[in-house]
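Open the model in your viewer and keep the selection panel at hand. Each stop below says what to select and what is there.

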Amino acid sequence: MGIQTRLLLLLLYILALHSLAIFLFTSGFLLTRTELPNVSECADAAAAPCGRGSGSNASCWTDSGGVKRAIVVIIDALRFDFLARSEFFSESKPWMDRLTVLQDLAENEANARIFKYVADPPTTTLQRLKGLTTGGLPTFIDVGHSFGAPAIVEDNLILQLARNGKRVVMMGDDTWLQLFPNHFSEAYPFPSFNVKDLHTVDNGVISNIFPKLHQNNWDLLIAHFLGVDHVGHIFGVESPLMVEKLTQYNNVLEEIISILQKESGPGGLHENTMLIVMGDHGQTLNGDHGGGTAEEVDTGLFAMVLGGRKGKDIHSSSCGLHMDASSPGISTLPQLDFAPTLSTILGVPIPFGSVGRVNLELLSLAWSNHESSNTPEHYQNVLCINSWQVMRYLEHYAAHSLNGIPAPDLMRLKAYYEPLSRDATGIATGLKDQITSYNTFLTEAAALARSQWTQFGDAKMAAGLTLLVLSVPVHALALLRVSRFRGPHHSYELQLIFPGRLIASACTLGGLISVATAVTLGKGFSWYVILGAVGFAAVFAYLLSGFFQNTLSAKTKSSEKRFWSYACDSKAIAGVMFVMLHALSLLSNSFIMAEGHVASYLLATIGLIYFRFALQFQSKIFQAVLFLVVNRVLSGMGLTSIVKDTVESGNEVSYANWLDATIYCVPLLIFSWLAIRHVSRNLYRLNAYLVATLALPVMYAAIAVHWLILDLSEVKTITIPGDIREFARLQLPRVVFLGTLLSTGLVYLAGKLSAGKSHLRDAVIALFGAWSASILLLLGRTSPALGFLAMLEVWCILELQSLEKRKLISSHWNFLALLLFFCTNHRCTFDGLRYPAAFIGFDEFNLYRQGALLIIDTYGASHVLPIIGLPSLVVAESEKDSEQKKADGRRSTHFALDIALAYLSFGLIRSVTTTFSTICVAIQRRHLMVWGLFAPKYVFDAIGLLITDLLFVAASGLYFSFT
C-alpha cells in the first residue's frame with residue numbers, strides 16, 4: 001500500500017471517527033420525547049372523578065357551549081406589536097396599527113378580545129403547528145424536518161375532530177397537509193418554501209375562503225397566510241412591503257368579518273361561529289425566527305364569537321405584557337393551552353398527550369351566548385376533566401416512555417392532585433378555591449413537562465463526547481506521524497501513518513465482544529452499543545499502534561526531534577494559544593454570539609505579532625500594515641446585522657443606488673483579469689485546467705449581468721423587457737451553476753492524465769475559480785468585495801510567513817475562514833439561515849436542490865473555498881524551499897505529504913473547536929438558551945466538521961494524483 005493510499009485512508013478514518021462520535025452524541029442530545037400511540041375517546045371521561053359533565057348529546061367530555069363552528073385564521077410570523085395598539089409600546093413603528101379592524105372590534109365589542117399569545121421554542125412553523133394541535137411541546141430535533149414535515153402520529157386536535165364526525169377544511173400553507181395527510185374533508189394546499197414568493201399562498205387562501213364562508217359543509221375552517229413571514233425573511237419587518245401585507249390582511253379580515261356578521265342573526269349560517277385570528281410565532285426585526293427571544297415567541301390572538309355577548313369572567317386575567325409596554329385588558333395566553341381549549345369549545349376530547357390548560361377567559365368568550373354553560377360549575381367541571389386528563393397522560397408517560405419521569409416529581413404532583421380528585425365537585429373547599437387549585441395543579445404539571453420533556457440520553461452523549469475528545473489526540477498523533485515521515489523513511493513508518501489491518505482487527509474484535517456481552521447478560525441487541533465499541537476499538541488501536549511495531553530507529557528519533565523543535569517554535573506556540581483561546585470562548589454564550597468579533601480580534605493580534613517581526617527584520621513592513629488594515633476593513637464591512645434585500649416592489653430605485661450596487665462587480669473584473677492573465681502566461685502548455693480557468697470570466701460576466709439587469713429593472717425610468725429580465729433572473733444563475741459542475745468534472749478527469757506541481761497549481765486555480773463563481777452568486781452583491789479583501793489578506797499571510805521561513809501556520813488560515821463565515825452575513829442560528837439564496841435561479845422548490853444550494857451558501861466561504869485553495873499555498877511555499885533543498889543536497893519530499901500535513905493541521909483546529917462546542921452544549925443542556933444558542937452552535941460546528949472531513953477526502957483524491 002503506497003503513501004497516497006495510506007494518507008487517503010487516514011483521512012477517511014478521521015471522517016468515520018468524527019461521524020460516529022457526532023452520531024452518538026446527537027442521538028443522545030437531540031432526542032424527541034416519546035410519542036405515545038394512545039388516543040382519547042369520549043368514553044374515557046367516565047373514569048374521571050367528575051364524570052362526563054352535563055352537556056348535550058353533541059358534546060363529548062364536557063358541554064361544548066354555544067359554538068358549533070370555528071374559523072382559525074393563522075397569520076404566519078405575526079408579531080405581537082402587529083396586533084396590539086401602538087400606544088401600548090414605548091415607540092410607534094410604521095408596521096403598528098395596521099390590523100385596525102381587529103383592534104376596533106376588541107375595544108368596542110363585548111364578544112371580542114385580544115390576547116398576548118406566547119409560543120414555546122423552537123419557533124419554526126412545523127414545531128408550532130405540532131404544538132397547537134397536540135397540546136404538547138415539540139422538541140429541537142424536529143427542526144430538521146422543516147423541509148419535509150412527517151405526519152403526526154400522536155393524538156391531536158385534527159384527529160379528534162375527524163374521529164368525532166367534525167368536518168375540517170384547510171387552505172394555505174401545505175405543511176398542514178404533510179402533518180395531516182388524511183384528516184381533512186377538503187384541502188387547498190399551496191407551496192410554502194419559496195420565501196421569495198410573497199403572494200401565491202395568500203392569493204390561494206383569499207380565492208378559496210370567501211366561497212367557503214357561504215357554505216355549511218365544514219365545522220372547522222383553517223386558513224394559513226404566509227405573506228408576512230416571507231416578507232420578513234426577504235426584506236425584514238421594517239420594509240414598506242410589510243406595511244402593504246398587513247394592510248392587505250386588514251382588508252381581507254374586514255370582508256370576512258362583514259360576511260360573518262351578516263349571517264350571525266338568529267337562524268343564520270354563522271349564528272354560533274367563533275373567529276380566531278392568530279400567529280404561530282413572532283419574528284425579529286430581521287424577519288428571523290426559530291429561537292426563544294421575546295420577539296420570536298410573542299405573537300397575538302384575536303377571538304370573536306358571532307351573535308354572543310360578553311361572558312362572565314370568573315378567572316382574573318393578568319394583563320402584564322412583559323414586552324415594551326403595559327396594555328391594560330390584554331391577557332397572556334400560552335400556545336400550550338390552545339389545543340385543550342379549542343377541543344373543549346368544539347366538544348371533542350382533549351388530545352391524549354396534551355399538557356395544556358383550558359383557558360377560562362377564551363372559554364368564557366366562547367360560551368358568552370350560552371347562559372346555561374357559562375356558569376362557575378361548568379368551569380369547575382372543565383378544569384376537573386382537564387386535570388384528570390393531564391394526570392392520566394403523565395402517569396402513562398412515566399410508565400411507558402423510554403426514560404419516564406423522575407419518581408419524586410411524579411409523586412409530588414400526585415400528592416397535589418389526589419385531594420382534588422376526592423373533592424371533585426368542590427363541596428368541601430368551595431368552587432372558587434377549587435378552580436384556583438385546579439389551575440395551580442395544571443401550572444405545576446406543565447412546568448414538570450417542560451423540565452422533563454426531552455430526556456437526554458446520557459450514556460450516548462457520554463460515549464459520543466468521549467470519542468470526540470479522543471479524536472483530538474488521534475488527529476494530533478496522525479499529524480505527528482505524517483510530519484515524522486518527511487525524513488528518510490522505513491516501511492514501519494509507512495504502516496504507522498495508517499495501520500489499516502490493526503484497526504480493522506480491533507474493530508471486528510470490539511464488535512464481537514459487544515455482541516457476546518449483550519447475549520451473555522441477556523440484554524437487548526443495540527446498534528448503539530456495537531457502534532460505540534467499534535469506535536473505541538478503532539481509537540485505541542491507532543493510539544497504541546506504535547507499541548505493536550518495531551522500536552524507533554535513530555533516524556526516526558532524529559526526525560521526531562525536528563518535529564518537536566518546530567512545534568515548540570514561538571510562533572507555533574502563539575498559534576496554538578490563539579486556537580485554545582477561541583475554543584475556550586465557546587463555553588460562554590456571550591462569546592458565541594460575538595464569535596465573528598473574536599475571530600477578527602485574534603487575527604488582528606496575529607497581525608500585530610507579524611508587525612513586530614517585520615520591524616525586527618526590517619522586511620515585509622508594508623504587508624504587515626496591509627494585513628491589519630484589510631482585517632479591519634473586512635470586519636467593518638461584514639460584521640453587521642443580517643442585511644435584507646433593499647429592492648422592494650413598488651418603490652423607485654435611484655440611479656445612485658443601482659450604480660453603487662454595480663460597483664461591487666469591479667472585483668469580478670479583477671478576478672477575470674487574473675484568470676485571463678494566468679491563461680495567457682501558460683498558453684504554451686494549454687490543457688484542460690486552463691480551459692476551465694478560461695471559463696471563469698464567462699461565469700463572472702453572467703453574475704454581473706444578472707445583478708445589473710435585476711437592479712435596472714427596478715428603476716422606473718428604465719424599461720427592461722420581461723423575457724430579458726426572466727432570462728437574467730433564472731437562466732444566468734443556472735449558467736454559473738452548470739459552469740461550476742462542468743469545470744469540476746473537467747478538472748477531475750484531467751487529473752488522471754497529468755501530474756506535477758505546475759499542473760496542481762493549474763487545477764487548484766481552475767477548481768477554486770469555478771466554485772468561487774457559484775458561491776459569490778449565492779452570497780450576494782457584497783461578496784466580490786469581501787472576496788477581494790480576503791485574497792489580499794491571504795497574500796499578506798503568505799508573504800509574512802517567509803520572515804522565519806516557516807510553513808503556513810493553519811491557525812491563521814482557519815481564523816480567516818471563520819471570519820468569512822460571519823462577514824458573509826451568516827450566524828450559527830437557524831433563524832440566520834439565508835433561505836433566499838437557495839432560490840437564486842429557481843422558482844420551484846426541490847428538497848435536494850434547494851438544500852444543496854443552502855449548504856453551499858452557508859459553508860462555501862468558510863469551508864469549501866479555503867479547503868480547495870489550501871494546496872496552492874502549499875505549492876507556493878514548496879517552491880520557495882526547493883532551491884534550498886537542492887543546495888543542501890536533500891531529496892525532495894513526497895508532495896502528497898505536504899498536502900496531507902496542511903489538511904491535517906487545518907482539520908485539527910476544526911476538531912478542537914467542535915469538541916469544545918460539544919462540551920459546552922453538554923454542560924449547558926439545561927441552560928435557558930440551550931435551544932436558542934448552544935444547540936444551534938453545536939449543530940453548525942458538527943456539520944461544518946463533517947463537511948471539512950468530506951472535502952479533505954474529495955480534494956485529496958484529486959490532488960494526490962498530481963504528486
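Select helices α16 and α34: their crossing is left-handed, a term used when the near helix is turned anticlockwise from the far one by less than a right angle (right-handed if clockwise). This is a predicted model, in which local features need pLDDT of at least 70 and side-chain atom pairs count only at pLDDT 80 or more, while totals for chains, interfaces and linings use all residues. Residues are numbered from 1 along each chain as its sequence is written, and side-chain values use heavy atoms, with hydrogens and water left out.

Stay on this pair. Helix α16 covers residues 458–484 and helix α34 residues 895–923; they pack at an angle of about 160°, with axes 9 Å apart. Helices here are DSSP runs (H or I, at least four residues), numbered from the N terminus. Axes are lines fitted to C-alpha atoms over the stretch in contact, and angles run from 0 to 180 degrees between N-to-C directions. The angle makes α16 roughly antiparallel to α34 (over 145 degrees; under 35 counts as roughly parallel). Their contact residues divide into 16 nonpolar, nine polar and no charged. Nonpolar means Ala, Val, Leu, Ile, Met, Phe, Trp, Tyr, Cys and Pro; charged means Asp, Glu, Lys and Arg; the others, Gly among them, are polar.

The crossing is left-handed. Their contact holds 18 nonpolar residues, six polar and one charged.

Next, show the side chains of K937 and E595. They meet in a salt bridge, 2.6 Å from N to O (a side-chain nitrogen of Lys or Arg within 4 Å of a carboxyl oxygen of Asp or Glu). K937 sits in helix α35 (residues 930–959) and E595 in helix α23 (residues 595–617), 342 residues apart. The structure holds 24 salt bridges.

Last, select L615, I621, V625, V629, V633 and M637. They form a nonpolar patch on the surface, with about 420 Å² of accessible area together. Which helix gives the most to the nonpolar patch? Helix α24 (residues 621–638) does, with five residues.

Conventions
Helix = DSSP H or I, 4+ residues; strand = E, 2+ residues; numbered from the N terminus. Parallel < 35°, antiparallel > 145°, perpendicular 65-115°, else oblique. Patch = residues over 30% accessible without salt bridge, like charges linked within 9 Å, V, L, I, M, F, W, Y side chains within 5 Å. Areas by Shrake-Rupley, 256 points an atom, 1.4 Å probe, with all protein chains shown as cover.
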